Amino acid sequence: MNYGHKKIVAVNIEQAEKNLRQVLMGNGFGVITEINIKEKLEEKLGVDFINYKILGSCHPPSALESLEIELDVGMLLPCNFVLWDNGDGSTTIATLKASNLLSVLENKNLDSVGVKVDKLIASVMNSI
């Protein structure tokens with residue numbers, strides 16, 4: 001996956017989320033939003049969907065740095081990590097590369113921030 005990272009972990013979604021949150025914190029990220037897609041689809045549409053969560057995470061120093069370069073960055077924040085239950089006791093965790101996401105703004109001044117966040121995200125994904 002050239003535009004992001006995807007990893008299957010051999011634990012259920014609850015344990016995968018717990019592990020991901022710990023690794024995010026250890027890399028300077030915080031989880032600032034959480035969307036339980038399964039619950040929302042059930043509530044709004046009466047659909048029984050797989051366990052699927054979106055965790056919006058933020059690395060405050062990088063967010064500030066990028067916002068100081070271009071305020072439009074706010075449309076791309078926070079960095080989302082998605083988790084879904086594979087139905088076999090494993091969980092998939094996926095996220096986009098920050099550099100790919102930031103490239104839509106076509107501002108070369110953001111390139112170094114994207115590379116820095118990509119390294120942090122790679123560290124997160126390699127640690128889970």
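Four elements, namely β3 (52–58), α3 (60–69), α4 (98–102) and α5 (111–127), each supply at least two residues of the lining of the largest cavity. The model is a predicted one, and the structure holds one cavity of 30 Å³ or more. Two of the elements named for the lining, α3 and α5, also have axes that come within 10 Å and cross at roughly 160°.

**The cavity and its lining**

- The space in the largest cavity amounts to about 170 Å³, and of the 17 residues that line this cavity, the closest to its centre are S66, L77, C79, A98 and V117.

**The packing of α3 against α5**

- Two packed helices are described by the angle between their axes and by the distance between the axes.
- The axes of α3 and α5 come within 10 Å of each other and cross at roughly 160°, which makes α3 roughly antiparallel to α5, because an angle over 145 degrees counts as roughly antiparallel.
- The crossing of α3 and α5 is left-handed.
- On the α3 side the contact involves S62, E65, S66 and I69, which meet S112, V113, K116, V117 and L120 in α5; by class, the residues of this contact divide into four nonpolar, three polar and two charged.
- S66 and V117 take part in the contact between α3 and α5, and both are also listed among the residues closest to the centre of the largest cavity.

**H5 in strand β1**

- H5 is placed in strand β1, which covers residues 4–9.
- Although H5 and A94 are 89 residues apart in sequence, their C-alpha atoms are 5.4 Å apart in space.
- Leaving aside residues up to four places away in sequence, H5 touches I93, A94, T95 and K97, together with I121, A122 and M125.

**Backbone features in two loops**

- Most residues other than glycine have a negative phi, and most peptide bonds are trans.
- The peptide bond from L77 to P78 is cis, with omega near -5°, and P78 lies in the loop between α3 and β4 (79–85).
- E106, which is not a glycine, has a positive phi of about 55°, and its place is in the loop between α4 and α5.

Note on methods: Residues numbered from 1 in each chain as written. Predicted model: local features only at pLDDT ≥ 70, side-chain atom pairs only at ≥ 80, totals over all residues. Heavy atoms only, no water. 1 Å grid on protein atoms, 1.4 Å probe; cavity = no way out; pocket = protein on both sides within 12 Å on 5 of 7 lines; lining within 4 Å. Points joined across faces, edges and corners; volume = space filled by probe spheres on them. Axes fitted to C-alpha atoms, helices over the stretch in contact; angles between N-to-C directions. Parallel < 35°, antiparallel > 145°, perpendicular 65-115°, else oblique. Left-handed = near helix turned anticlockwise from the far one by under 90°. Contact = heavy atoms within 4.5 Å. Nonpolar A, V, L, I, M, F, W, Y, C, P; charged D, E, K, R; others polar.
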